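Hello,

Here is the structure we talked about handing over. Please have it open while you read the notes below.

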Amino acid sequence: MRLENTSSQSPTRVVASIPYYSLYKNQMEYFNLEKFKFEGDAYTWQNRSDGSANVIEFVTAPNNPDGRLSEAILDGPNVKTIHDRAYYWPHFTPIPAPTDEDVMVFTLSKLTGIGVKYGLRTILP
């Protein structure tokens, strides 16, 4: 699955529903990606008439801090969805069924606490 827009000069729009992980926007700016542009809240694009624009929607499910199992807001032939499953672990939220999406991102740092341990180790002598 190609995520960038190869048929147009305009960049692919990247959106996420609020509250979203703030690093989505920061990473777009940091890496200065010309083919992608962070456009903010997915709800603002929900009823747009421009169905020809390519869009990538990040879906954080379960969402932090509320633990809600979010669904994609946008739909259509030019919409690709990336499911951020960082908190998709039974000790964070009830998991009613297995997940089977086209593109999913997981991390073990939330499962094991490695991120916290590493962060404290680098701060404390």
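Glu39 is partly exposed, at 27% relative accessibility. Its side chain meets that of Lys37 in a salt bridge, with 3.8 Å from N to O. Lys37 is partly exposed as well, at 45%. Please keep in mind that this is a predicted model.

How many salt bridges does the count come to? The count is 2. The other pair is Glu29 with Lys25, whose closest N and O atoms lie 4.0 Å apart. The cut-off for a salt bridge is 4 Å, so check this pair if you apply another rule. Both residues belong to helix α1 (residues 23-30). They sit 4 residues apart there, which means that about one helical turn separates them. Glu29 is exposed, with a relative accessible area of 52%. Lys25 is partly exposed, at 38%.

Now to the strands, starting with β4.

Strand β4 spans residues 79-84. Is it enclosed or open to the outside? It is largely enclosed by the rest of the structure, because 5 of its 6 residues are buried.

β4 pairs with two strands. One of them is β3 (residues 55-60), which runs parallel to β4 and is joined to it over 6 bridges. Within this pairing, Val59 has His83 of β4 as its bridge partner. The other is β5 (residues 104-105). β5 and β4 also run parallel, and 2 bridges join them. Here Asp84 stands opposite Val105 of β5.

Is Thr81 buried or exposed? Its relative accessibility is 18%. Buried means under 20%, so Thr81 counts as buried.

Which residues does Thr81 touch, leaving aside its neighbours within four places in sequence? The contacts are Glu57, Val59, Ala72 and Val103.

Strand β4 pairs in the parallel sense with β3 and runs parallel to β5.

Best wishes

Terms used
Residues numbered from 1 in each chain as written. Predicted model: local features only at pLDDT ≥ 70, side-chain atom pairs only at ≥ 80, totals over all residues. Heavy atoms only, no water. Buried < 20%, exposed > 50% of the residue type's maximum accessible area, 1.4 Å probe, protein only. Contact = heavy atoms within 4.5 Å. Pairing = 2+ DSSP bridges.
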